[in-house]
Structures are given as structure tokens and as C-alpha cells.
Amino acid sequence: MHMSQQNKTNTPHVLPLQVYLGTAAALFVLTVVTVMVSFVDLGGWNIVVALAVASVKAAAVGLIFMHLWFDRKVFLVIFLAGIVFLTIFIGLTMLDTMRRGDIYQISADPIHKNAAMYDTTAVTTDTIPAAADSTHSAANEK
Amino acid sequence: MDGHEHSAHPAHLAHHFSEPAQQAESAKMGMWLFLLTEVLLFGGLFVAYTVFPAWNPDMFFNAHKHLNVYLGTLNTFVLISSSVTMALAIRSIQLDRRDVSIRYLVVTLLLAAAFLVVKYFEYSHKIHLGQLPGKFYTFTGIEGTNPHVFFSVYFAMTGLHGVHVLAGMSVIGWVLMRTRRGELSSEYYTPMEMTGLYWHLVDMIWIFLFPLLYLIG
Amino acid sequence: MDTTATLFLPPGGSTIAGEVDALFYFLVYASIVMFGIVLAGMIFFGLRYRHRQGDAAAPTAGISHNTKLELTWSIIPTILVVIVFFWGFNVYLKMNVVPKDAMEIKVTGQKWFWTFDYPEGANTVNELVIPAGKPVKLLMSSKDVIHSFFVPDFRVKMDVLPNRYTIVWFEAKREGTHNLFCTEFCGTGHSSMIGTVRVVPEREYAEWLETASNVGSDLAPEQYGERLFVSKACVTCHSLEGKSVVGPPLNGVFGKPVALTSGGTVIIDENYIRESILEPQASVVAGYQPVMPTYQGILKDREIDALVAYIKSLQ
Amino acid sequence: MNTIPEKNFLNATRGWKSWLFTLDHKRIGVLYLFSIMAAFLVGGVFAILIRLELLGPGRNLMEADTYNQVFTLHGAIMIFLFIIPSIPAALGNFLLPQMIGAKDVAFPRLNLASWWVYILGSIFAVISIAMGSVDTGWTFYTPYATETQTSVISMTLGVFILGFSSIFTGLNFIVTIHKMRLPGQTWFRMPLFVWGLYATAIIQVLATPVLGITMVLLILERVAGIGIFDPAMGGDPVLYQHFFWFYSHPAVYIMILPGMGIISELISTFSKKRIFGYTAIAYSSLAIAFISFLVWGHHMFVSGQSQLAATIFSFLTFLVGIPSGIKIFNWLATMYKGRITFETPMLYALSFLFLFTIGGLTGIFLGALAVDIHLHDTYFVVAHFHYVMVGGTVMAFLGGIHYWWPKIWGRMYSEFWAKIAAAFVFVGFNMTFFTQFILGSQGMPRRYYTYMDQYQPLHAFSSVGSWVMAVGFIIMGVYLFHSIKRGRPAGNNPWGALTLEWETTSPPPTENFVETPKFSHGPYDYDKNVPERTI
């Protein structure tokens, strides 16, 4: 595949000035928009909108400033590979961290709060049977 | 090991390449692969960012209010502007307008420095308040579980990004010197093009850091 | 399905062991067949197509591929592994869904011993006593680093984490004793973080629970301390024959002065022993690492008194 | 009679500076070769120490703390300093440009930087050993790694730096393969070793940065208690395991994929036969590279991750087994109707087939959820990954070393001693590690300093096996180094192989080929060509 390239001379691909200035204007406008939206309470949707706007901005930078739109597609593939594998990393990790209580939801506080190594004053020598009882009652199954 | 032994080759063509185009394309591909590693390097921090807000949404919401949206917005403008000037510097060298290109590079450097100055003010304010990562966290005004984790993530992400800005500045400075010495032209401007790609990626990462840290809700 | 000890697996002691072993042995036999095919191919081709001296060096057959053959050796293994996946998943589900009537015991992993707390108030160290034929659910947590609860005979294993609870359950089939190992590396004493699981008949269990909940009331303090010294795992790190293990030996030390890492000396008396049990890092004997965990919350006052009396008696 | 070419890359320039600052990919390959051999020697000494300590229960040689440091160092050195750079950075560096008919890799200075970064990372590892060593295991699991008093920071910093060395090599290889191939050598006319290196490089570039950020976060956790991984500060230790294995599982394929590439070369060359199912082998390398990113959670079936995640990871794990199985059958089919000879490299290739098949099949045991619960963190796992890493990668590496040794130095080693050493290594390896399958399924946990008496006979047998293996490696070291100066000249093509590197002289000139080679035949066209053997 490099063969087709070998006989080409190295003439630069020059974009018109307006393309750069137009992209810059779009980026500034989108920044203003995303900041203004953040002052409106949309509940959980705020972060979604903010990330959607950021993605459009990043796409503009990548496609125009970094010439992905005009350059050889292998560069676009490389860049998208980064996004795909990052998504895999986040997705499969969340599959664990978000689904840990699937079979048993233990609603007691995490151990470290009253474990001896972290807080030696929290446990006194006489509380062992009581502590055992309380963990049992707190650990209810759903 | 340089290209001068082959008299037919241009000075910038290394001995093991047969054509300038092959060399330029190789450099660009190498750079894109390097950017790919950068994406995944930051990727680890993005995973941490996803997991902890999902566990403690309220804490993240409460903590993010202690960031200054106006300074964040200002810095976004600064960094996007520097990206624009970088792109224009490359466009100018492509057209052999060397003096214009040098001017754009200087502006890019100044904007990058401005970004770090703003960041410095943000950081020193947080340090003053004790809004610091991990065990150095002494601030008490944030409700929720483990607010120090928010600042760990904040400082890790912006800190790593800041290091990249610094690295970018030194590379831009180096390209600036080479342009002034007349080593770059429309025939050969690979170093500037590579620097541009890197700088745009630094900008792109900030484009995501800004909403994730400053605009949660 | 009942299994006994074989070349590979120890005797199965829990209800789930038979199901794990069945899959294990299916895999063993399937692997032997697959490996046999590869080995036979290697030997046969190696002998049949061996180039001998004097043979003509002619071009060989230009076989580039054979789609049918390749599909065969792609699809058959695929089917096999899908079967193995569902089989393994099925048994895994059974390992994870605890029967409703399971009795619950709280397990604490800590450098380098296990503590078991029974709802009735009994607590044991490094010995889990359970009734045969009853499902047991363990609610586990760690006080320091990650440990892992492993009973090979029961084919169960689960990491014990410091920031949350994990669960493991099993039903022991008949009486007997089984090894309990820590399988997540946890430092100096990792390989001595070994306990036993003692399975007893249900009636005996009830009796044991009764006495274990009120243990020691009928013993002299020294005798009770002697028993605690073993059952609370002091013996893992403290020798009684003058040898340095992880911690200093404890025979013949009472009433004598000892140098501390902090520089001073201290007379080993009742108060020093008590402090060393509850706040081990406070005054560490020179030449030893500050690695002993606190027994605060694990030993009752009565038990500490008994241990002090026992150490006092070791002259 | 063969002669050594008067001017070659070994004597083109002289003096130690001409080596340490060389831009010639072959010299960098040789620098890497000696570096990893040194690492292998150190790691091997630690391995012997481990087996000596485990000869019987209780204290035999060292204290528990020392033992913990020894097995940590054995793992860390063997993984990060030996096996990851072994095939790609040493043999790959030497051969890749030759195999595609190029003068050098795309970025020679980056290539040299890769080696220097490797040395810098090793220095940090040595500093760590000097400052009291590390006792966490090579996995650095939190919170143990954030608590222990040993010098974790220096070691993790070393690992962080070594990651860059790996990234540089991978990046360089991808560009080299894309841009520097000889006209006429299309993607599907590349030698399969190049395909293996390509798939490896993809993983190196994609996965290694995550190791980097993991090590940075671990260091920050120790220094500042940032609360990402340390439960005492609100972090999650299982999250650390996700981070770690997102790199370290694909890293397993960084180790094995180039080895598989070597085996394709060896089996085809010594069977004098077109490789069976070229396309399937090439694509299966890419498939393995991709799927390797989806299966890391199978290291965590008992870690407390969600049951849903465990189930999905288990399923995906089985998928990665299929392409490896396909390769094994393809190699076997290549031998069919061949003209097989059994020189040392072929013996290692057959050892690979034997041992890697066992390693792969036992991987199925560990992928099956219910069975893994019993086997996880026992000696079964230790045996499994040694069968894959030593039985797979190291056998392929040794095969490759013996195969290309005459190309590197222009001289042959003693075939007689080589066969004896191969026999010792093969027998010793099986003695050492097959016993560990039995130990593990019997319930013997890994990383144990001492053990119960019932496991003693098998442990002792395993230790004896390690001595047999050591004898094999000592013999190998002697005859290999002896041959560098004293071996008989090998000629350009001692094995009668068809890939491009055999068309140049042995050792090759600085820019690999005196005249730019022409692509005249495919790498495995043994049905049309009978290349002359020069010995």
C-alpha cells in the first residue's frame, strides 16, 4: 500500500484561511454554549450535553486542525482505535464496578470505617459479641 | 549515519528512506501512534473519573462547585486560540511565509504560557484552601463520601495535562528556533507538522477535561 | 456425585465438590484427547516425512490451505469451549447463590490469621467449626490487606477485601478436618496463614457452640492462657523455645528487662504484655519489625488476663 | 568453504562508542540480546533460589521476607526485563528490516532510545533491589503495595520507564512494516514472523500506556494517598486489578505472539514446505491481539468483581483460545508431506508444540469459572503460565536464537552440544512444572514460603527438575559464546530457507543488503524453489 505513495512528490495540502477561522469561530461559540447550558439544571443530562458538545469540538479539532478529514484514512483508524479501546476499558470495568451487588446487596458500611487498623479508638475490648451481632443484622440479603 | 553520503538526496532525507514522501508519511504515522498512546495514558485517568463519580455522584457534584468555571472557561478560550495559531503557523510555512509562521508560533507560545499562569492561580487558591488530593486534603466544606478523591482526580488529570503543556511549549520553542534558522520550508516542515499534531491533542484533551471537571451540573 | 482423592484432586468434602470435579475431569480427558492428536501428528509426520541422507532435495507439495479441514478444526473446538463455558457458568452460579437456610459466620482475615465470629457469641481463631450437612454462609472482610479464603477440599475460594464484604458458602458432607489456606499474597506470614475447618455432627456442633461461647470459665488462668496461646495464633510468631520467629520468644522473659527499638529498656511485666497485645507498635523489642497486629476487639479482658498469667508461668 | 565477509555490521566501525550509540538496528538488536540474556541469568538465579528454598517445608535457605523478595524479583525481572523485550526487541530488531528488505527501521534514533530507556529502567530496578528490594509480587496489588516497607516506588518507576522502551519498539515496528517493505512484498507475502511482530507491536502501543498510568497512580497512592486504589483512603483495590490486568493480560500476548511467528518460520523451513493456512495464521495473530484486550477479568474471578463481569470475561476468554488452537493445527499440517530435518531449531519448535499445547489446554481449565475458583492462585496457575511463557515463548526464543545465530555472527554452534542442551532443557522443564499442575490441583497455594508436609515429594521433584534445566542452560551458554569466535563459518543460508534475510551475507553488511534485493519469491514457496544449504 505504500507503493502508490512512493512516486508522489511531497506537496503540502493547504486549506483556505476561511476554513481555519470558521472552525475557530465554531469552537468559541460551542464553548460559550456549553458553559451557559451548565448553569441550567438538567439533572443528569447536564454532563451528557456537556460531553456531546465536547465531542463535537474535539471532532472539529481532529478533522480540520489535525487534517484527519483530508489525510490518509489510516491515521483516522489509528485515532479511532484509541477511542475504541478506551471505551472497552471503561465499559468492561464498569461492568464490574456498577454490578457488584447483583446477587447479594450488603448494605452495611464498608469494613474500613470501623476496622482496627484505621481507627483504633472505634472498637473497645468489650464490644465483640455486639459488633458481631450488628454486622449480621446489617447484612441483609435482597 | 546521515543523509549526506547520498548526494542526490535532500539534506533532510535519512539514508534508509528512498523518498521524502515516504519519510514524511512515516513520521506522521509514528506521530499518530504516539498520540494513540497519549489517549490511552490519559485513558486510565478517565476510567478513574468514570468509576468514582458513578459511586459517589453527590460528592462529585458538591466538590466540582469549588472549581472556578470562569477561569476554566478562560483557559478553554486560551488553549483553543493557541490551537488555531498553531494551525495557522503550519499553513504559513506550507505557503513559505516564514516570517508569518514565526509570529504565529510566538503567539502560540505566549498563549500556552497564559494557560499555565491561569492554572497557577487556580492551583494556588486550592492549595491555600487545603483542597488537595488524598491525605493532604484539609478542606472541610464539602459534603459526601471521600471528597479528597475528587481533588485527587482533578490534580492528576490537570497535572498530567499541565506537564503535557510544558512539554509542548519546549517542542514549540525548538520548532521556532529551527524555523528562524531557515531549516523548515514548504518542502520540509515535518517537525512543525508533528508539533502541531501533538499540540492539537493537548487541546483536545482539555476540551474533555473542562466539562468533566467544571461543568458536571 | 461423590469423589475421593485422585492423582489431581484432594477428596471432595462439600456438596459442590462433585460438580467441580466432574467438569475438571471432563477437561482432563478432553485435553488428553486433544493433546494426543497433536502429539500423534507430530510423531507420525516426523517419522513418515523425515528427510534421510541421500534423499533427493526435491520441491515439496504446495498445499496452501484446505478450507474444509480448517473449518473443522475451528468449529469443533469452538463448540467444545462453548459447552465448557456454560458448564462452568452453571456450577459457578450454584457457588454464588446461597441457600435460604444457611447459617452465617463472620470471617475476618488479618495478618496472619483468621478470626471466626459466631452469632451466638463464640469466637475462634484459625479454626472454623461447622456442622455437617448444613449450608454455611461466610461473610468475610479483611482488616489490612487482601487475603483469600481457600478450602481445597470444598473447592471454594474467595478473596477477602479490606473495604467491603465478600461471601462464600458451602455445605460440608460429613465430619472430618480440612485445610484452610490464604491464597492471596499478604506478606511475611502468608504461608503460615493456615487454619482448619472442623466438620462435626450437628449435635456435637450444638454442644461445642455452647461451651465455646462460655469457654474458659472452668479453667485456671494459666491453663486457659495456654489454650488461647495456640488458638489465637500467638504461637505462629512467638516461639516458646527461645527461637526468634517473626516476634521475640516468650519463654522465661517475664520480669526481665528488654531493649526497645526506640532506645530505652522496659521490664516485661503485666502492663507491658497487656500493652503489647492491645497496642503492639507502642514499644517494639529491639531487633524486630513492628508487624504485630492489634488484638484490640479480638480478645476479651478475661482472655488477656489469662494470656498474661500463662506467659508469667513460663519460667 | 564458507568465509566470513570482510566488511560486515560487526566490524564496520570499532570501539565501544560505536556500539552504545549505534543507529544500526542489527547492533541495537545485539545490545538488546546481551541485555536480556543478563536479565535472564539474574532471573534464573532467583528461580533456582526459589526452588532450593522449596526443597522441603520450613526454612531451608532464607527467611520468609527474603523469599518474598526473591519470588517478586524473579517475576518482575523475567517479565519486564527479559520476556517482554526478548523476541521483539532482540530478534525482531535484528531481523525485521532484513525480512522486509529494508535498510533499517523507520526511526533508528528512537530505536536506540528504546534500548537506553530499557537500561535506565533496569537501573531503577537495581536501585530498588539495593534499597531493600520489593516483596509485593510482580503484580504490585494494593493495598499491600501501598503498605509494605520495601522500596516499591523505585521498582514501579522502573516498570514505568521500561514501558516507554516497549512503546518505542512497538511504534517503530508498526511504521516500519507499513512504510518500509520492499516493492512487491505485499501484506500477504510477508513472513509470518513479521505478522507476529506486527500484532505484538499493536498491543505494545495500545496497552503499555495504561501500565504507565497505573504505575503513576500507584506511586501517587503511596506518596499522597490519593484514594483511587487504597481502601484506607476510600479507593478500591479491585479497581487496581482492573488497571493492572488491562495491560498485563494483553502483555501475555506481547510475549507469545512473536514466539508464534518464529515457530511458523521454523516449522516451514525445517519441513521445507509451504506453510499451511498462511492467511489463517496471519489473521489469527490479529484476532488474538484484539481479543486479548477483552479478557483481563479472568485474572479476577475470585477477586470480588461482579458475577456478571466474571461471566462475560469467562466467555470472552474461551474465544481467545480458538485462534491459538487454529495455529497449532496449521503448524502440524505444515509438516504433512514435508521434507523434515531435525536440527536444533526444529527441536525447539517441536518442544514448543508439545509444551504450548499443554499450556493452552490448561488455560481452558482456568477459563472455566467453576474450575478456576478451585485452581486460582494455586501452583496450577504457576504451572500453566510457565508452560505458556517458558514452554511457549522461551522455547520459541531459543529456537529463534539457534536458527538466526549463524546469521548474527556468521558462525555455527556445535550441533551436538546444542541437541544435548535442548534435551536437558526439555526434560528439566517438564520435571519442574508438570509436577506443579498436580500440586496446584491438590490445593497448594502459590507464593508460599513453606508448605504442609504432604506436598513435599512433588516439591522436591520439581526442584530437582530445575537443576536439570539449569544444566541445559549452562551448556547452552558455553557453546553459544564459544561459537561467536570459534564456530565454523555458516555461509549465507545454512538452513536453505527462503525468507529475505538469508539472501544477504552472514553477518550482513551495515545496510543489510549489498544490492537492494528484488522480490522474486514468497517466503514459503518451497514448492517452486529448493534453496541451496550452505552447510
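## Cores, a sheet and an interface in a predicted model

Mentor: In this predicted model, the largest nonpolar core has 362 residues, and L33(B), L138(C), I174(D), V194(D), Y198(D), A368(D) and A370(D) have the most contacts inside it. Helix α3 (residues 64-99) of chain D gives the most to this core, with 22 residues. Local features need pLDDT of at least 70 and side-chain atom pairs pLDDT 80 or more, while totals for chains, interfaces and linings use all residues. Residues are numbered from 1 along each chain as its sequence is written, with chains lettered from A and ligands numbered from 1 in the order in which they are written.

Trainee: Why is this called a nonpolar core?

Mentor: The term denotes a set of buried Ala, Val, Leu, Ile, Met, Phe, Trp, Tyr and Cys residues joined through C-beta atoms within 7 Å. A second, separate core of 14 residues includes Y224(C), Y295(C), L299(C) and I311(C).

Trainee: Why is T236(C) called partly exposed?

Mentor: A residue is buried if 20 or more other C-beta atoms, placed from the backbone, lie within 10 Å of its own, exposed if 12 or fewer, and partly exposed in between. T236(C) has 18 C-beta neighbours inside 10 Å, and therefore counts as partly exposed.

Trainee: What does T236(C) touch, leaving out residues up to four places away in sequence?

Mentor: T236(C) touches W112(C), F113(C), G189(C) and S192(C); contact requires C-beta atoms, placed from the backbone, within 7 Å. T236(C) and W112(C) are 124 residues apart in sequence, yet 8.5 Å apart in space, C-alpha to C-alpha.

Trainee: What makes β4 and β7 of chain C edge strands?

Mentor: In chain C, 5 strands form an open sheet of mixed pairing, in the order β4-β10-β9-β6-β7. β4 (127-131) and β7 (156-160) each have a single partner strand, so one side of each is left without a neighbour in the sheet. Strands are DSSP runs (E, at least two residues) and helices likewise (H or I, at least four), numbered from the N terminus.

Trainee: How many residues of chain D are in contact with chain B?

Mentor: There are 31 residues of chain D in contact with 29 residues of chain B. On the chain D side, α7(D) gives the most, with 10 residues.

Definitions and conventions. Contact = placed C-beta atoms within 7 Å. Pairing = 2+ DSSP bridges.
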